[in-house]
Amino acid sequence: MKLTDLSVIRSLLGEEGTSFKKKYGQNFLTNESVVERIAASALPDVPDPEERLGILEIGPGIGVLTQKLAAVAHKVTAVEIDTTLLPILEKTLADCPNVHVVNNDIMKVDLPALVAEEFEGCTRLAVCANLPYYITTPILMTLLESKLPFSSITVMVQKEVAERLCAPAGSDAYGAITAVLCYYGEAKRLFTVSAGNFVPAPKVDSAVVQIKLHQSPPVEVADEERLFAVIKAAFGQRRKTLQNALTSLPGVSRQQIAAAIAEAGLSPTVRGEALGLEQFAKIADSVFSVQESTQ
Ligand code: SAM
């Protein structure tokens, strides 16, 4: 059964009296070589035959990517929200004993518990998914903030989101999520997938992005939450100078902000979008230390 074949997809859904659900972002892949490329990207650069790779997939749909992942991984756990797809997955994954489908909303799952239960005995963990576009950012943030020991996260996202995730500091696409992501890992755009490779075809093209997670953050800060608050404030009012944008931070005076910007060796008129993670880290540490010492 070729799961990228349009007539196969329609008949599998039809047999279960279901169809594509827009509310769950269901755009299924119809190009075999794209599916193979995504699955191959989830593998480590230097595969080790001794390694037991556990892959978490989010949104298996009818199992097209799941089948390919099952062929390369020791274990695949696929979390699918749509209950009507379960009988289909039972059929399409019948020959994949190393796959376990979990019927749940990825945003409601207890991720650390799931990972501990599902991937016992695995020596390397990765995430691989064609993500539902309506919750791409929340899913990515949940995965990153979980600090679970995934070595990589390989995901298909909207092309514009891919550009944002991988944007260099100072570029138009660079945003708060780009800077926050740099704290957790390094994102790279792997390849573009045009809208015609899905059914139903989405309105925009997509791209596969891979985030290689850092073993430890590239910058040391006194308090991560403060770093993220500074980044969020800096981009919250993107057109303003950093000096003005940071006034939205609670309890921080203009004087403290000016001192922190000067201490980081930056111009008083610099905008937040010009700063890399290291500079944000310096500002976060000094703006709050100035604040604390003056209290
Ligand atoms: N993997 C399939 C493919 O590549 O053809 C389907 C990908 S489709 C873009 C997204 C999938 O995510 C759908 O199967 C959808 O039902 C599922 N999904 C949507 N929201 C979800 C959530 N909150 N938790 C888990 N799965 C979800």
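Lys212 forms a salt bridge with Asp45, and their closest N and O atoms are 2.7 Å apart. A salt bridge here is a side-chain nitrogen of Lys or Arg within 4 Å of a carboxyl oxygen of Asp or Glu. The pair links distant parts of the chain, 167 residues apart. Lys212 sits in strand 9 (residues 206-213), and Asp45 sits in the loop between helix 2 (32-41) and strand 2 (53-58). Helices (H or I, at least four residues) and strands (E, at least two) are DSSP runs, numbered from the N terminus. Lys212 is partly exposed, with a relative accessible area of 37%. Asp45 is exposed, at 61%. Buried means under 20% relative accessible area, exposed over 50%, and partly exposed in between (1.4 Å probe, protein chains only).

The model is predicted: local features need pLDDT of at least 70, side-chain atom pairs count only at pLDDT 80 or more, and totals for chains, interfaces and linings use all residues. Residues are numbered from 1 along each chain as its sequence is written, and side-chain values use heavy atoms, with hydrogens and water left out.

The structure holds 11 salt bridges. Side chains of opposite charge can pair when their charged atoms come close. Another of these bridges joins Asp82 and Lys21, with the closest N and O atoms 2.9 Å apart. Asp82 lies in the loop between strand 3 (75-80) and helix 4 (86-92). Lys21 lies in the loop between helix 1 (6-15) and strand 1 (28-29), so the pair ties together parts that are 61 residues apart in sequence. Both partners are buried: Asp82 has a relative accessible area of 2%, and Lys21 has one of 19%.

The chain is divided into domain 1 (6-213) and domain 2 (224-293). These bounds come from an automatic or database domain assignment. The contact takes 14 residues from domain 1 and 12 residues from domain 2, where contact means heavy atoms within 4.5 Å. The domain centres, taken over C-alpha atoms, are 35 Å apart. Domain 1 and domain 2 bury about 980 Å² between them, and 63% of that area is on carbon and sulfur atoms. Buried area is the accessible area (1.4 Å probe) that two parts lose on being put together, summed over both. In domain 1, Tyr174, Ala176 and Tyr183 lose the most area to domain 2, together 46% of what that side buries.

Across this interface the rule finds one salt bridge. Lys147 pairs with Glu224, and the closest N and O atoms are 2.8 Å apart. Lys147 lies in the loop between helix 6 (136-146) and strand 6 (150-158), and Glu224 lies in helix 9 (residues 224-236), so the pair ties together parts that are 77 residues apart in sequence. Glu224 counts as partly exposed, at 22% relative accessibility. Elsewhere, salt bridges that share partners join Glu15, Glu16 and Lys91 into one network.

Most residues other than glycine have a negative phi, and most peptide bonds are trans. Phi of Lys147 is near 55°, a positive value in a residue other than glycine. A cis peptide bond joins Val199 and Pro200, with omega about -15°. Pro200 is found in the loop between strand 8 (198-199) and strand 9.
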